[in-house]
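I opened my notebook to write down what I looked up in this structure. The entries follow the order in which I went through it.

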Amino acid sequence: MEAKKNVVLTLENVSKSFAKVETDEVTHALNCVDLTMHSGEFISLVGPSGCGKSTILRLIAGLITPTTGKVCVDGKEITEPSPERGMVFQKPTLFPWLTVRDNIGFSLKMQGKLKGNEDKVEHMIDVIGLQEFREDYPGQLSGGMAQRVALVRSLINEPDILLLDEPLGALDAFTRMNMQDEILKIWQKRGQLAIMVTHDVDEAIYMGTRVIVMDANPGRVVSDITIPEPFPRDRSSDSFVRYRNEILNKLHYGGKGQNA
Ligand SMILES: Nc1ncnc2c1ncn2[C@@H]1O[C@H](COP(=O)(O)OP(=O)(O)OP(=O)(O)O)[C@@H](O)[C@H]1O
Ligand SMILES: [Mg+2]
């Protein structure tokens, strides 16, 4: 394995607006977001639909640029996508004409690194439990299976920054918990910076060394909570429950109504 690379990712006063084509209105997807993240952190991003979570990931991936402000890796502004920043999209995007195995090995092949790394592809197929489906095409898979393939297809590149947009959203509860542990194992082994969007507060706490809570209209960061607990975490521990209450309160679901 290559030596671990330490990176610092910064969002400096980042705003992103989208003009609506049919009217003169503008959507303020993000407003004045300031964040600093480092290798070794696992950042969970939570917040209501439309608060700009995917927009943050797409800015970091280099798929879009900010309206104002800067997104930088080690002080260098991000202007385009790079294999150093691997993205798993909210909707799984697999190549329909390639089998499970070839989808997973695709980027290694494009980089001329597949030869000698075939066992890595097989290991990833084992991790997601799709041994029997390795020669099947995406159209033959369930939504959850396709999502698992999309996930390991990014993990196999061992990017310095791993961007996960609700990577486990389509999975049943048990597969989801297994995959949470698999992602954590891979992240712990490599110590890269992982940034994961999730709608599931328990998942955010179970996996995150930091939970960033956002709100909408305009999209912004309202809270940045460090979770210094060791892994593996106990979902029923007192501290876990305390974090859950704190985050649900920030999301206005604290049990005392909308104004809690
Ligand atoms: N390409 C685009 N063109 C126009 N508006 C956009 C575009 N991308 C995002 N938006 C708007 O920006 C806001 C933030 O979108 P974003 O996809 O980042 O939200 P999100 O927090 O990921 O939501 P969800 O939880 O539903 O995935 C939304 O109001 C959305 O409609
Ligand atoms: Mg989204």
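Predicted model: local features only at pLDDT ≥ 70, side-chain atom pairs only at ≥ 80, totals over all residues.

**Entry 1: the four-stranded sheet**

I began with the sheet of four strands. I found an open sheet in the order β2-β1-β4-β5, with antiparallel pairing. Its edge strands are β2 (26-38) and β5 (76-77), and each of them pairs on one side only. I reminded myself that strands of a sheet pair through backbone hydrogen bonds, either parallel or antiparallel.

I then took the pairs in turn. How many bridges join β1 to β2? I noted nine, with the two strands running antiparallel. Six residues lie between β1 and β2, and the two strands form a hairpin. As one example of facing residues, I wrote down V14, which stands opposite V33 in β2.

On to the pairing of β1 with β4: this is antiparallel too, over five bridges. Here S15 stands opposite T68 in β4. The last pair I looked up was β4 (residues 68-73) with β5, which is antiparallel over two bridges. C72 has E77 in β5 as its bridge partner.

Which strands does helix α1 lie across? I found α1 (residues 53-61) across β1 (8-19), β2 and β4. Its direction is at about 120° to β1.

**Entry 2: the six-stranded sheet**

Next I turned to the other sheet. Six strands form it, in the order β6-β7-β8-β3-β9-β10, and it is open with mixed pairing. The edges are β6 (85-88) and β10 (220-226), each pairing on one side only. From one strand to the next, the twist averages 15°.

I looked for a parallel pair and found β3 (residues 42-46) with β8 (residues 193-197), joined by four bridges. In this pair F42 stands opposite A194 in β8. Helix α7 (residues 238-250) packs on the sheet and touches β3, β9 (210-215) and β10. The direction of α7 makes about 170° with that of β10.

I also checked α4 against this sheet. Helix α4 lies across β6 and β7 (161-165), and runs at about 180° to β6.

**Entry 3: helices α2 and α4**

I then asked how α2 and α4 pack. Helix α2 (residues 100-110) and helix α4 (residues 143-155) meet at an angle of about 30°, and their axes are 7 Å apart. Angles under 35 degrees count as roughly parallel, and α2 and α4 are therefore roughly parallel to each other. The crossing of α2 past α4 is right-handed.

Which residues make the contact? From α2 I listed V100, N103, I104 and F106, and from α4 V149, V152 and R153. Sorted by kind, the residues of this contact are five nonpolar, one polar and one charged.

**Entry 4: what is buried in α2**

Last, I looked up which residues of α2 are buried. They are V100, N103, I104 and G105. V100, N103 and I104 also meet α4. The cover over the buried residues of α2 includes α3 (118-127) as well as α4. After α2 comes G112, and I wrote down that its phi is positive, near 70°.

Note on methods
Residues numbered from 1 in each chain as written. Chains lettered and ligands numbered in written order. Pairing = 2+ DSSP bridges. Contact = placed C-beta atoms within 7 Å. Axes fitted to C-alpha atoms, helices over the stretch in contact; angles between N-to-C directions. Parallel < 35°, antiparallel > 145°, perpendicular 65-115°, else oblique. Left-handed = near helix turned anticlockwise from the far one by under 90°. Nonpolar A, V, L, I, M, F, W, Y, C, P; charged D, E, K, R; others polar. Buried ≥ 20, exposed ≤ 12 C-beta atoms within 10 Å, placed from the backbone.
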